[in-house]
Amino acid sequence: MMRTVNIILIGGMMAGAGVVYFLKYEAEHATTRVAQLSRQIQQEREAIATLRAEWSLLNQPKRLQEMADRYHTYLELEPLDPNQVATLDDIPFRQVMPDGGTAGGKGPERLFAGVKPIEHTGTIKKSTDRVGKADKPEPKGVDPKPNDLLNTIIR
């Protein structure tokens, strides 16, 4: 009887040692994973800080003004004319029919009833034509710098 109890206790002790070993191994693995994730988070934070610094450097008003002056002839940028700003009164309302619907039929025609079609101006057409060309002309009066980011993007 005593021998059977001893065998059961020894078996229980070995099973407990196995469980403790397994738990220790899992805890070490989890600690390693946490350290790896912490390093990855720190690297991502550093990358974000670098990108924010670069973004603020690229968006400095002085730099933007220099770029606008440099590529003024190529991009055909014009200052905003006060006449280009519209008010709510300039937006046409849809006509409401007596039955509660709007004029102009069904479907999309109904949605855009009373809205004047947009006329294409020469400036928009020129811009779209220029974008569609395979070989883009060099900007006039521009001395591109070799490591200029905007020049790289345009090409």
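The legends below describe close-up views of a predicted model of one protein chain.

**Figure 1. Overall fold of the protein chain, with six helices and zero strands.** The order along the sequence is α-α-α-α-α-α; helices (H or I, at least four residues) and strands (E, at least two) are DSSP runs, numbered from the N terminus. Of the 155 residues, 8% are buried, where buried means under 20% relative accessible area, exposed over 50% and partly exposed in between (1.4 Å probe, protein chains only). The chain exposes about 14100 Å², with carbon and sulfur atoms supplying 62% of that area; accessible areas come from the Shrake-Rupley method with a 1.4 Å probe, and for residues only the protein chains shown count as cover. Among contacts (heavy atoms within 4.5 Å) with a separation of 6 or more, 47% join residues 24 or more positions apart.

**Figure 2. Confidence along the protein chain, given as pLDDT.** pLDDT is the predictor's confidence in each residue, from 0 to 100. The chain averages 78, and 61% of the residues score at least 70. Helix 1 has the highest confidence, with a mean of 96, and helix 5 (residues 122-132) the lowest, at 52. Where pLDDT is low, the predicted coordinates should not be read in detail.

**Figure 3. Salt bridge between Glu 28 and Lys 24.** This is the one salt bridge in the structure, a salt bridge being a side-chain nitrogen of Lys or Arg within 4 Å of a carboxyl oxygen of Asp or Glu. The closest N and O atoms of the pair are 4.0 Å apart. Both residues belong to helix 1 (residues 2-58), and because they are four residues apart, about one helical turn separates them. Glu 28 is partly exposed at 43% relative accessibility, whereas Lys 24 is exposed at 53%.

**Figure 4. Two spans annotated in UniProt.** UniProt positions are given in the numbering used here, feature names are shortened, and annotations may be inferred rather than shown by experiment. Residues 6-23 are 100% helix and 0% strand, with end C-alpha atoms 26 Å apart. Residues 27-54 are also 100% helix and 0% strand, and their end C-alpha atoms lie 40 Å apart.

**Figure 5. Nonpolar surface patch of Met 1, Val 5 and Leu 9.** Together the three residues have about 360 Å² of accessible area. Patches are made of residues with over 30% relative accessible area and no salt bridge, like charges being joined within 9 Å and nonpolar side chains (Val, Leu, Ile, Met, Phe, Trp, Tyr) within 5 Å. Val 5 lies in helix 1 and is partly exposed, at 36%.

Residues are numbered from 1 along each chain as its sequence is written. Local features need pLDDT of at least 70, side-chain atom pairs count only at pLDDT 80 or more, and totals for chains, interfaces and linings use all residues, while side-chain values use heavy atoms, with hydrogens and water left out.
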